[in-house]
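Please look over the sequence and the structure shown below before reading on.

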Amino acid sequence: LLIPHTRYTLQINFLARKRLISKEGVFTQFSASGGEGMLTILRRSLSSMTYSSLCMPEDIAERGLKDIPNFYYRDDGLRLWDIINRFVRGVLSYYYKNDLEVQQDSELQKWILDIFEHGFLSHPCPGIPQKLTTVDSLIKFVTMAIFTGSAQHAAVNSGQFDYGGWMPNTPISLQLPPPTKKGKATEETMLKTLPDVNTTVQGMATLWLLSQQSSDFAPLGHYPEDHFSEKTPGQMIKNFQEELKALSAAIKKRNKDLEVPYTYMDPEKIENSVAI
């Protein structure tokens, strides 16, 4: 179930460590934080992370965003979460008939503990499971994993160049502190503050690369390799694909009336896994 959604994950993380956050990496050499500051930011981010922040319905509710108008990330994302959750529930309920079967699956329990220890560094993030005791808890965790590696990644990654390609939107660094009072900035002070040409090019090139679609792109729910031989899971995959197709059509229809279409959560444009 998870194999297609972890394709290239190790490779892309290896490349990120080598080309982005190493001593010779783009962030270390060109970003305002530098390497040391980046680690401080990451530690602070990890310390505030919760399990609910990784689960979209809970995250939207906790951030008070349920009723914000024209919030297409939320609208498309919640529908995607529900579609993925129904698919995951169908497949896992087929293999795990009751909670006891989950509790007695020693490989499953070692898997979730390994994720807690090495993925979350045994950090006491509120809600992060160290063991799975019910079918529902397993379904929720697997839904979160698939959603994060596909839809959530597309939402935060695919539009980087669209919005950051115009450098003043997201300059990779600043040469002077930003102004603290309105009306004090001039064209001259802005030009002195924005990064130089070389730094700008490095930043834009990185955003462009990170926004590229994989050369062997596999859209969400389309599995070139057959990992299930039984008829029932095979039918569930077909149902999953049909629901994604319907959502894609609904998103395209809505986008026709938008001045700036929101396309990043269109299932046709979402990769199964973190891959560029």
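Predicted model: local features only at pLDDT ≥ 70, side-chain atom pairs only at ≥ 80, totals over all residues.

Taken along the principal axes, the box that the C-alpha atoms fill is roughly 70 × 45 × 40 Å. The chain has 276 residues, of which 38% count as buried.

In soluble globular proteins, nonpolar side chains tend to be buried together. Here the largest nonpolar core has 49 residues, and those with the most contacts inside it are L80, L138, F147, F240 and M265. Two or more residues of this core come from each of the elements α4 (56-62), α5 (72-95), α7 (106-119), α8 (135-157) and α12 (231-255), with α8 giving the most, namely 11 residues. For M265, the contacts that remain when residues up to four places away in sequence are not counted are with Y73, D76, G77, L80, F147, A151, A155, I251 and I270.

Two of the helices that contribute to this core, α5 and α8, also pack against each other, at an angle of about 140° and with their axes 9 Å apart. Since angles over 145 degrees would count as roughly antiparallel and those from 65 to 115 as roughly perpendicular, α5 and α8 are therefore oblique to each other. The crossing in which α5 passes α8 is right-handed, and the contact between the two helices has 15 nonpolar, 6 polar and 2 charged residues.

Two residues, one from each of these helices, can now be followed in turn. M144 lies in helix α8, and it counts as buried because its relative accessible area is 7%, where the cut-off is under 20%. Not counting residues up to four places away in sequence, M144 touches Y51, L54, C55 and W81. Between M144 and I84 there are 9.1 Å in space, C-alpha to C-alpha, although the two are 60 residues apart in sequence.

D76, for its part, has its place in helix α5. Is this residue, D76, buried or exposed? With a relative accessibility of 3%, D76 counts as buried, and, leaving aside neighbours within four places in sequence, D76 is in contact with L247, I251, R254, Y262 and M265.

Technical notes
Residues numbered from 1 in each chain as written. Heavy atoms only, no water. Core = buried A, V, L, I, M, F, W, Y, C linked by side-chain atoms within 4.5 Å. Buried < 20%, exposed > 50% of the residue type's maximum accessible area, 1.4 Å probe, protein only. Helix = DSSP H or I, 4+ residues; strand = E, 2+ residues; numbered from the N terminus. Contact = heavy atoms within 4.5 Å. Axes fitted to C-alpha atoms, helices over the stretch in contact; angles between N-to-C directions. Parallel < 35°, antiparallel > 145°, perpendicular 65-115°, else oblique. Left-handed = near helix turned anticlockwise from the far one by under 90°. Nonpolar A, V, L, I, M, F, W, Y, C, P; charged D, E, K, R; others polar.
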